[in-house]
Amino acid sequence: MYNLFFRLVFRRMDPERAHHLAFRWIRLVVRIPVLRTFVAAALAPRYEELRTEAFGLRMHGPFGLAAGFDKNAVAIDGMSMLGFDHVEIGTVTGEPQPGNPAQRLFRLVQDRALINRMGFNNEGSLAVAARLASRTPVFKPVVGVNIGKTKVVPEEEAVGDYVKSTERLAPYADYLVVNVSSPNTPGLRNLQATEALRPLLSAVREAADRVVTARRVPLLVKIAPDLADEDVDAVADLAVELGLDGIIATNTTIAREGLGLRSEPSLVEETGGLSGAPLKARSLEVLRRLYARVGDRVTLVGVGGVEDAEDAWQRILAGATLVQGYSAFVYEGPFWGRAIHKGLAARLRTSPYATLADAVGADVRKTA
Ligand SMILES: Cc1cc2nc3c(=O)[nH]c(=O)nc-3n(C[C@H](O)[C@H](O)[C@H](O)COP(=O)(O)O)c2cc1C
């Protein structure tokens, strides 16, 4: 039914307009108690066997919403209602910024992919912190806060910008993500080099500990799929060295491999990060590589091209404790989160593993 709706309504609309329209509907449903209770009851993960613990946080299931969908933390309850057990908001930057000019989001429907060059459009750390502070949650998903660099801040001053966001946002973050992997902020991905990443992560850790003393806010880093294998290894080693809680693999890619010749060539040539099905193979490869390197010492989050429960299961077997998605949500619609959790529970039941935690990394351990 969603497929038909997508074809008749969303596909004819500008992708960003469709996004805002969907957002408005989700927020409307959340405002009507009887409706939201009904939807949440139908879609929330309720499989005892999928209970998950990641970086000390307990969750009902491993599947969550990747960053970029709810940049300003306006729909946390709505996304939770749709069955995402954790919601990563952001990327939030130190200062507000409009992002790149439109059109900046493109659907490659035949390839089940998206290209975006949004450029971290967001209301900034102060406004988002105020929203999180005044939030009266209806649902209680785990809320991750993903932070990035303000575009006009020079690369040499990036640490200060991330620290500012950390000071404002860490108090409201169940976990914090340092995003150094978006292709749409010039120079951002240079921060993935260990010489730049070490001081950045150390400063963010220190700032988070300074402003939040009652608990230790888990700190993660999100990396690009375009890193060379040796650079993936270097980030893995650094994560172990710094006692980082997690690595999110991966962000969108600047590569155009994996795109069938199905999408319009003019679309394929659009500048920006490619996500969805064509990203699947590389994201999985990076995840496997990370797990082979860090094992259980750093929690891994698998994202990139996850379309169905089988993809999510493959990420878990490759080492992911948590799995996230974004692009396929656009194509699959509101029942997607539920379908993934349901399918995962079925796979776990017929697998040789007693718990989900036993399955994490099992494929990599087998081949080691
Ligand atoms: C339109 C769009 C905007 C995004 N914005 C962000 C962002 O602000 N911060 C971030 O860390 N990732 C962002 N991402 C990347 C996603 O979080 C995810 O890593 C990537 O899309 C791969 O997952 P997918 O194939 O399931 O979409 C964005 C992705 C899309 C499609």
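Guide: Let us start with the cavity. Helix 3 (33-43) and helix 13 (336-349) each supply at least two residues of the lining of the largest cavity; helices are DSSP runs (H or I, at least four residues), numbered from the N terminus. This is a predicted model, in which local features need pLDDT of at least 70 and side-chain atom pairs count only at pLDDT 80 or more, while totals for chains, interfaces and linings use all residues. Residues are numbered from 1 along each chain as its sequence is written, and side-chain values use heavy atoms, without hydrogens and water.

Visitor: Which residues line the largest cavity?

Guide: A cavity is a set of points on a 1 Å grid over the protein atoms alone where a 1.4 Å probe fits but cannot get out, and lining residues have an atom within 4 Å of a point. Here the lining consists of Ala 42, Leu 43, Ala 44, Pro 45, Arg 46, Tyr 47, Arg 338 and His 341.

Visitor: How is the packing of two helices described?

Guide: One gives the angle between their axes and the distance between the axes. Axes are lines fitted to C-alpha atoms over the stretch in contact, and angles run from 0 to 180 degrees between N-to-C directions. Helix 6 (residues 158-169) and helix 7 (residues 194-211) pack at about 25°, their axes 9 Å apart. Helix 6 is therefore roughly parallel to helix 7 (angles under 35 degrees).

Visitor: Which residues of helix 6 make the contact?

Guide: Val 159, Tyr 162, Val 163, Thr 166 and Glu 167 do so, where contact means heavy atoms within 4.5 Å.

Technical notes. Angles under 35 degrees count as roughly parallel, over 145 as roughly antiparallel, 65 to 115 as roughly perpendicular and the rest as oblique. On a 1 Å grid over the protein atoms alone, a cavity is a set of points where a 1.4 Å probe fits but cannot get out, and a pocket is an open set with protein on both sides within 12 Å along at least five of seven lines; lining residues have an atom within 4 Å of a point.
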